[in-house]
Amino acid sequence: MKPIKLVISGIGPYGDRMPEIDFQSFDLNMPILIAGETGAGKTMIFDAICFALFDAASGSYRSTDSLRSEYAPPGTESYVEFTFAHQGRIYRIYRQPSYMRPMKRGTGFKLEKEKAVLYPGDDTPIEGIKAVNQAVQELLHVDEKQFKQLAMIAQGEFWGLLNAKTEERTGILRHIFMTEGYKAMELQLRERRGKAIKAADVLERSLIQYFCDAEVEPGSPLAEEISQLQEQLRKSGGIGSIEEMLSLLDRVIEADVPMEAELAEKLAALREALQELQKDLALAENTEHNLKKYNGLVKELAGLRERLADCEKREQQLAEAEKALQEKIRSLQSGREQLSSVPERLAACQQEINALRELADRLGSLQSQQVPRYGRAKKRLSELQEGLESAQSAHAAAMRARLDGEMQLERNRAGILAQKLVAGQPCPVCGATMHPSPAELPEKAVTEADVKKLQQQEKKAEAARSSAAAEAAAARAELATLDSQIGSYMLECLKSGCWLEAVARGEAFAMEIPAEAGLRQLYELVQLQAGQLAALLQKKRESAADLQSRAKRLQQVERELAEASGRETEALQLKRQKLLKERENIKTAVADREGQRQLLEQLALKIGTGGSGGNSGNDGNDGNDGNDGNDGNGGSCEAELAEYRGQLQRKISENKVQQQECQEALGRISRRRENNLSRRAKIAGLQGEFAAARHEAHIMSRLYNLVSGQTGKGKLTLEQYIQAAGFDSIIRAANRRLIPMSDGQYELYRQEKELGNKSHTYLDLEVLDNYTGRRRPVRNLSGGESFKASLSLALGLSDKVSSELGGISMDALFIDEGFGTLDKKSIEKAMEILLKLSDSNKLVAIISHREELIEAVSQQIQVTKTRNGSSLAIELGK
């Protein structure tokens with residue numbers, strides 16, 4: 001890995017975007033000095049590179065959470081962009097830490113999340129923190145800690161580089177010297193050894209278990225011998241000789257053969273004896289059964305005859321029940337005929353009731369609505385006529401007042417004109433010059449305004465009279481209409497009422513109502529008819545209630561008739577069929593039992609008393625007599641047969657017990673023999689496999705012990721041995737720098753003492769002081785001495801990485817401070833070594849504020865500290 005360009009923006013003390021650092025513009029044959037006062041931000045350049053590659057700062061005391069610059073303006077982004085070359089390809093990585101920035105709109109802050117993007121040449125960019133971190137580690141083959149050991153010596157960590165433990169150096173050396181295969185070989189051998197040992201152990205446990213599962217006859221001479229070997233195998237857990245196990249199993253199997261044959265012969269004899277006993281028992285049980293069957297038949301015949309008599313009795317009772325049911329059906333049919341007209345009569349009565357109810361409603365409406373309405377109309381007409389008369393009187397008075405006013409106005413006009421006449425002057429009316437009798441003004445004067453007012457009053461009275469006349473005429477017409485309507489309605493109600501009344505009496509309608517009858521006469525007739533209608537409606541309702549009761553009785557009669565004609569008749573018929581069938585079955589059973597009894601009487605029983613019992617039964621003609629003659633002898637025969645049958649059953653039980661014991665013993669021996677044969681076959685089958693597994697485990701154990709360094713007192717694995725040899729070459733390269741830098745006083749050595757007890761320290765370092773001739777731990781070196789040794793070791797690692805064909809390629813070395821502990825002479829020697837290292841085209845960068853270095857190194861990156869943050873300036877030198 002060789003740096004090409006670095007861009008820092010808003011990171012650490014750099015508040016703004018800094019000019020890019022183009023490492024290719026520097027002369028790589030000379031070191032690069034990063035100079036500036038303390039706290040200016042020199043180390044932040046290395047922090048930015050380490051953050052870009054591994055998401056971590058270069059020093060153990062820094063954190064990526066605090067990388068956002070406190071001097072950064074709100075609009076400045078915080079990020080690092082690092083371009084580097086590795087194995088012939090150019091890579092660019094962009095990484096942004098998480099930080100809070102002010103909102104672009106409004107107040108408050110917004111969190112900018114951490115970002116990372118790796119641009120591998122022309123390939124697709126890799127995005128995401130985890131993905132980029134993994135890609136960088138796979139590319140460089142080192143993690144952040146290993147990178148610092150190889151390419152970056154951070155401020156204050158020189159001592160850690162020099163005093164790193166074996167475990168920390170193993171990861172780097174594994175990639176440098178490509179020892180992963182040896183470690184993998186060790187792991188594979190350990191796994192194969194474990195599997196081989198486990199397989200051999202499983203087979204050995206199986207073999208022991210198979211032998212321990214073998215059985216032997218208790219008390220036999222082989223029992224103690226096989227028990228001792230089984231106990232020995234259980235305790236030791238290891239097999240001595242499989243052949244001994246197989247030989248002993250063969251002897252046990254052969255010992256069971258004669259025992260098995262003897263038990264099989266004994267079992268066959270018992271089975272033969274059992275067959276003879278079972279034949280005798282069957283004969284005895286058959287004889288006993290026949291005797292019991294005969295006695296049972298006699299009793300059964302008596303019961304069947306009793307049942308037959310009972311059937312005849314029940315048949316007589318069934319005939320009487322059928323006769324009663326027929327009588328009941330006839331009675332119900334007669335009742336149904338008597339009530340058959342009830343539904344029609346009930347429907348007609350209900351229809352009459354509905355008509356009467358409708359007429360009653362009409363009469364009620366006439367009395368409650370139409371008659372009052374007619375009265376109200378008549379009263380209103382009377383009131384309107386009175387108003388009309390009043391309006392007519394008022395109009396006549398207004399007209400007279402208007403006429404009087406007009407006449408008075410004319411007289412007023414003549415009096416006024418006479419007052420203006422002058423003797424000798426012509427009258428304006430008649431032209432006379434003489435005025436002998438001039439008109440005089442009346443005492444009451446009337447003006448034209450008064451006359452107009454009287455005229456208006458007359459018009460108003462005329463309008464009121466006309467309105468009253470119109471209302472009276474309308475009321476008169478309405479009353480005439482009501483008179484006609486109510487009269488017609490009353491006539492219609494009266495005719496309907498007369499018709500219903502005639503219908504109720506069963507007569508034809510012949511009532512005549514005078515045409516000249518007025519409303520009052522008609523209303524009186526209507527009131528009379530309403531009273532008669534109410535009485536008729538009540539009578540019809542009573543008739544309907546009686547008809548409904550009789551209709552319910554008709555429904556009940558029909559249900560009872562249907563029940564009697566259907567289910568009850570069917571039930572009686574079914575009973576008769578069952579009774580007839582039962583009687584036939586009983587007769588058949590009697591005939592069958594009688595035939596069986598006669599057949600048993602003819603059988604010759606082996607016990608003589610049975611024959612005599614049978615003969616005594618045949619002497620009588622009656623079945624009951626035969627049964628009575630058999631009671632005494634039958635009981636004696638049954639007792640003797642029961643005792644004989646019991647003896648046979650006891651012998652059979654004893655035989656079966658002996659057979660079971662013999663069968664169990666034979667099965668036990670057979671199972672034991674089969675089990676032993678199976679175990680013997682399994683042991684023989686696993687014998688070759690166990691030998692091969694044991695041989696495999698032995699070979700794998702020897703190889704693993706060899707590779708893992710467990711063959712002698714010292715414990716050093718093959719990988720550790722190769723790494724130790726390679727580390728020795730690194731130490732030799734380091735000593736080529738350390739010896740001249742320390743004036744020949746110090747040399748580094750790999751710690752080798754007590755290797756067998758401390759294999760984990762085989763990469764630890766110690767230093768030889770040539771002035772004293774003694775070795776001591778490197779941790780006892782002073783600060784300046786530690787820096788010299790650390791720098792030498794870093795350069796040695798760099799040389800080895802360049803010369804080996806491992807997966808790590810580091811063409812850069814960063815040194816952060818450390819020169820402050822050196823004197824001037826040591827600095828000059830260190831610079832000579834660094835100049836020689838630069839000749840190999842390796843980028844070497846140093847952070848320092850020492851004047852000696854500032855004067856000695858011409859190409860520099862100057863870091864200047866101000867109140868507003870730090871800035872960068874590039875000086876390429878001459």
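Two strands pair if DSSP finds at least two bridges between them. I kept that in mind for the strand entries below. The model is predicted.

**Entry 1**

I began with strand 17 (residues 860–866) and strand 18 (residues 869–875), which pair in the antiparallel sense over seven bridges. Within this pair, Thr-864 stands opposite Ser-871 in strand 18. I noted that the two strands make a hairpin, with two residues between them.

I then followed strand 17 to its partner from the other end of the numbering. Strand 4 (residues 32–35) is joined to strand 17 by three bridges, and these two strands run parallel. Here I looked up Leu-33 and found it opposite Gln-860 in strand 17. I recorded strand 17 as antiparallel to strand 18 and parallel to strand 4.

**Entry 1. Whole chain**

I went back for the totals. I counted 17 helices and 18 strands in the chain. Of the 878 residues, 40% are buried. Among contacts with a separation of 6 or more, 73% are between residues 24 or more positions apart.

**Entry 2. Strands 7 and 8**

I looked next at strand 7 (residues 99–102) and strand 8 (residues 109–112). Four bridges join them, and they run antiparallel. Met-100 stands opposite Leu-111 in strand 8. The hairpin has six residues between its strands, and in it Gly-106 takes a positive phi near 80 degrees.

Which residue in the loop between strand 5 and strand 6 did I check? I checked Gln-87, which is found between strand 5 (79–86) and strand 6 (89–96). Gln-87 is not a glycine, yet its phi is positive, at about 55 degrees.

Asp-743 sits in the loop between helix 14 and strand 12. At 41% relative accessibility, Asp-743 counts as partly exposed. I used that loop as the way into the next entry.

I traced an open sheet of three strands, in the order 12-13-14, with antiparallel pairing. Strand 12 (746–750) and strand 14 (774–777) are the edge strands, each pairing on one side only. From one strand to the next the twist averages 35 degrees.

I looked at the pairing of strand 13 (residues 765–769) with strand 14 and found four bridges in the antiparallel sense. Leu-768 has Arg-775 as its bridge partner in strand 14.

Helix 14 (residues 718–741) lies across strand 12 and strand 13. I noted its direction as about 175 degrees to strand 12.

**Entry 3. Helices 6 and 7**

I turned to helix 6 (residues 180–212) and helix 7 (residues 221–236). Their axes come within 10 Å and cross at roughly 155 degrees. Angles over 145 degrees count as roughly antiparallel, so helix 6 is roughly antiparallel to helix 7. The crossing is left-handed.

Which residues make the contact between helix 6 and helix 7? From helix 6 I listed Ile-208, Phe-211 and Cys-212. From helix 7 I listed Ile-226, Leu-229, Gln-230, Leu-233 and Arg-234. By class, I have six nonpolar residues, one polar and one charged in this contact.

**Entry 4. Pro-73**

I looked up Pro-73 in the loop between helix 1 (43–54) and strand 5. At 36% relative accessibility, Pro-73 counts as partly exposed. Pro-73 and Asp-16 are 57 residues apart in sequence, with 7.4 Å between their C-alpha atoms. Leaving aside residues up to four places away in sequence, Pro-73 touches Gly-15 and Arg-68.

**Entry 5. Ser-565**

My last stop was helix 11 (residues 519–602), which holds Ser-565. Is Ser-565 buried or partly exposed? Its relative accessibility is 40%, so I wrote down Ser-565 as partly exposed. The C-alpha atoms of Ser-565 and Ile-329 are separated by 6.8 Å, while the two residues are 236 apart along the chain.

Methods
Residues are numbered from 1 along each chain as its sequence is written. This is a predicted model: local features need pLDDT of at least 70, side-chain atom pairs count only at pLDDT 80 or more; totals for chains, interfaces and linings use all residues. Side-chain values use heavy atoms; hydrogens and water are left out. Axes are lines fitted to C-alpha atoms, for helices over the stretch in contact, and angles run from 0 to 180 degrees between N-to-C directions. Angles under 35 degrees count as roughly parallel, over 145 as roughly antiparallel, 65 to 115 as roughly perpendicular and the rest as oblique. A crossing is left-handed if the near helix is turned anticlockwise from the far one by less than a right angle, and right-handed if clockwise. Contact means heavy atoms within 4.5 Å. Ala, Val, Leu, Ile, Met, Phe, Trp, Tyr, Cys and Pro count as nonpolar, Asp, Glu, Lys and Arg as charged, and the others, Gly among them, as polar. Buried means under 20% relative accessible area, exposed over 50%, partly exposed in between (1.4 Å probe, protein chains only).
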